[in-house]
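Please read the following points beside the sequence and the model. They take up some loop residues, then helix packing, and then the contact between the chains.

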Amino acid sequence: MNLTMVLDMAADAFGDRAVLGRRAEALTACRLRELAAGGARRIQASGADSVVYLAVNGPAFPVALFAAALAGVPLVPVNYRLGAEQLAQVLANHPRALGIADPGQTAVLTQAGISARTPQDWLGEAAQDVPESAGPAGGDAPAAIIYTSGTTSKPKGVVLRHQNLTSYVLETVEFASAGEDEAALMSVPPYHIAAVSNVLSNLYSGRRVLTLEAFSPERWLDTVREEEVTNAMVVPTMLARIMNCGHDRSVPSLRALAYGGAKMPLKVVERALREWPHVGFVNAYGLTETSSTISVLGPEEHRAAVGSTDETVRARLESAGKVVPAIEMEIRDEDGQVLPPGRTGRIWVRGEQVSTEYAGLGSSIDERGFFDTRDRGRLDEEGFLFIEGRIDDTIIRGGENIAPAEIEDVLLHHPDVDDAVVVGVPDDEWGQRIEAAVVPRPGAKVDIGALREHVRGRLRGSKTPDYIAVWEELPRTPTGKIVRRDVVRGLLGERATS
Amino acid sequence: MKPRVGQFLASTVDGTTVIVVKAPDGDVTITCGGAAMVDPKAKEQPPAGEADPAQMGGSELGKRYADEDLGLEVLVTKPGQGTIAVNGTPLPLKDAKPLPASD
C-alpha cells in the first residue's frame, strides 16, 4: 500500500475537514490532495529522483511528503542543524533531488547541485499546476529516507518503504476516529521520524495538525491555548522546559500529551501529571528504523503507576509500556539466546513497520527478519518494557561492562539532581573510568561527596563515578538526545584546566 | 473477484466504500446490501444494484470487518446502510481496542 492511500481515504471520507495549519488558514483534506498532486507534477517534470526537505516544519512538509509519494520518489528530510561537512555528506547521496530549503539554506543545496526553492515557493508551485488526477506510485518503493541522529555513529539513511509506514498507521491508528474539534500540535522537526508518522496518523484519524517552527515553552503554551490544541507530542527536554518556565502553564483544551525520543526524567513527568490532572499522558518508544512507535505506556497506566503503593506498579512510570500488537519483540543475550522476563539484554523487533535496509549499506535485519535496536532493555512479568540505554554507550571498566543508564537512574533519583549523564572516560589503568555530569535542581547545591555516597549505597564501589562534575546543562540534540561524546570532551577539558 | 490489498471497493446499492486491508489468495464475492461491490475507479460503472432488505444492517466509518479464517479484512471509508458480506455471509465487526495516540 502507498502513502497516497492515507490521503485518498481522508479526502474521500472527510474532504472538507480542516486538517493542516492554524484555524484561520487551515487546508482541508481535499486541498492537501490537490496540492500534493500539483507538487507531484512538478517533481515528475523536473526528473528528480527524490525530494530533499531542508527546512523547519510547516504545511509545506506534508505537501512534500504526499507529492513525493504520488511521484513515486522518496522524501528525504534533512537535519538543518547539521554541520557543513555532515550536511554535504548527506546531500551528496541525493544529487538528483528536487530541493526545498529555508531561505538561509538554499545556498547549501545549490552548492550541492540541487535545485532549491523555499517552502513558500514550493506551496506556490504546487498550487499553480494542479492536474485533474494523479496516478499512485508502486507500493514497494521507498517513501522516505531518514538519517539517524548520529549521536553514537555516523548518520545512516534509514529506508522506510510505503509498506512500513502504511502498516504502522493501519495497525496503530483508528481511521476517522478524531472529532472535528481535535487539533494536534507537533513540536519535533521534520527530520525526526515522529514528524513523518505524525502527519500520517493525524490525517488518518482526521485530526488537524499544527506545527511549531521552533520550540519555546512560551510559544508552545500560547499555541495550545490559542488554537485549543487537544493532542500534542514533545520530547522530554521540551516538557522539562515547559514545567520550568514562568509562563501561564494552564492548558484547558489539552487531552493527550505524548512524549518520546529520549528518557523522560521521573520528576518531570510526575510534576506534569500533578499539574495537568485532566491530561492523558502517553509514553511512546520507537526508532527511526521502526516507523516510530513500537511500545506504548498509556494514560491509565500512567495514573495507575503514579497512584500505586506497589513498587512494581509504581516503577512502570519509568517504563516504555507494552509492545504494540503488530510488533514481536525478543530480549536476547550477547550469544543470541532469548531471555525470559526480568532479564536484561539486547532488544530485537520484527514487524511490517520495521525498515529492513540502510541506504547504500544493505540489509539491517537478521535471517529471521528481526532488527537489532541496539537498545538494552528488559520486560517485566506483565510485559512492561524497560529501556536501559544504548548498547553503544556501554562503559568497559577493567573488563567489566557497565551500563551508564543504571547509574544515571540512581543519580536522577537524588532530590537535588535534575539531569544526569554517566560516561566512560579513557583511563590508562582501567581502560575507561566512570565519570558523571549532573545538573542541580534550581536553587539546590549539590554535595559531590554525598552524591557519590548515594550511588555507592545503592549500587557498589565499581559503579560509583570516580568524578562528578556539576554543569548548568547537558549537551543535547534539539530532539532531546544526550550527545555523549561532547560530555566526554567537556569532562576531559574540565580535568585539564582544574 | 480477487481483491487486492489497498483496493477501494464501492457499493452499488448505497454510498458505502471500503478499502481492502487483508486479502485472501483466491476468488471471493464481496457484497454490500446483497449486491456485488465494484471498483469505483473502473471506466465503466455498473448499474445501481438492488438492495436485499434482509442485508441492510449498516456499517460504521473507520471500523474493520473481517473473516479471519478466510483472511479477508476491509475498512469502511464511507459508511452506509448495506451489510458487507463475503460469499453470502455477513462480515463480523472486528473488535480492536484502539491504541492511545502516540505521535
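1. Ser291(A) sits in the loop that joins strands E13 and E14 of chain A, where helices (H or I, at least four residues) and strands (E, at least two) are DSSP runs numbered from the N terminus. Although Ser291(A) is not a glycine, its phi is positive, at about 55 degrees. Most residues other than glycine have a negative phi. Ser291(A) is buried, because 32 other C-beta atoms lie within 10 Å; the cut-offs are 20 or more other C-beta atoms within 10 Å for buried, 12 or fewer for exposed and anything in between for partly exposed, with C-beta atoms placed from the backbone.

2. This is a predicted model, in which local features need pLDDT of at least 70 and side-chain atom pairs count only at pLDDT 80 or more, while totals for chains, interfaces and linings use all residues. Residues are numbered from 1 along each chain as its sequence is written, and chains are lettered from A and ligands numbered from 1 in the order in which they are written.

3. Glu228(A), in the loop between helix H9 (217–226) and E11 of chain A, also is not a glycine and has a positive phi, of about 50 degrees. With 15 C-beta neighbours inside 10 Å, Glu228(A) counts as partly exposed.

4. Which residues does Thr166(A) contact, leaving aside its neighbours within four places in sequence? They are Met1(A), Leu3(A), Met5(A) and Val6(A), a contact being a pair of C-beta atoms, placed from the backbone, within 7 Å. Thr166(A) belongs to helix H7 of chain A and counts as buried, with 26 C-beta neighbours inside 10 Å.

5. The axes of H1(A) and H7(A) come within 8 Å and cross at roughly 40 degrees; axes are lines fitted to C-alpha atoms, for helices over the stretch in contact, and angles run from 0 to 180 degrees between N-to-C directions. The two helices are therefore oblique to each other, given that angles under 35 degrees count as roughly parallel, over 145 as roughly antiparallel, 65 to 115 as roughly perpendicular and the rest as oblique. Leu3(A), Met5(A) and Val6(A) of H1(A) meet His162(A), Leu165(A), Thr166(A) and Val169(A) of H7(A). This contact has five nonpolar, two polar and no charged residues, with Ala, Val, Leu, Ile, Met, Phe, Trp, Tyr, Cys and Pro counted as nonpolar, Asp, Glu, Lys and Arg as charged, and the others, Gly among them, as polar.

6. For helix H2 (residues 29–46) and helix H3 (residues 60–71) of chain A, the axes come within 7 Å and cross at roughly 60 degrees, which means that H2(A) is oblique to H3(A). Residues making the contact include Leu32(A) and Ile43(A) of H2(A) and Phe66(A) and Leu70(A) of H3(A), and by class the contact has 14 nonpolar, two polar and no charged residues.

7. Between the chains, the contact takes 29 residues from chain A and 16 residues from chain B. Among the elements that give two or more residues to the side of chain A are helix H1 (3–14), helix H7 (162–172) and strand E13 (280–287). That side divides into 16 nonpolar, 11 polar and two charged residues.

8. As to confidence, the predictor gives the complex an ipTM of 0.86 and a pTM of 0.91. Chain B has a mean pLDDT of 92, and 100% of its residues reach 70 or more, pLDDT being the predictor's confidence in each residue, from 0 to 100.

Technical notes. Two residues are in contact if their C-beta atoms, placed from the backbone, lie within 7 Å.
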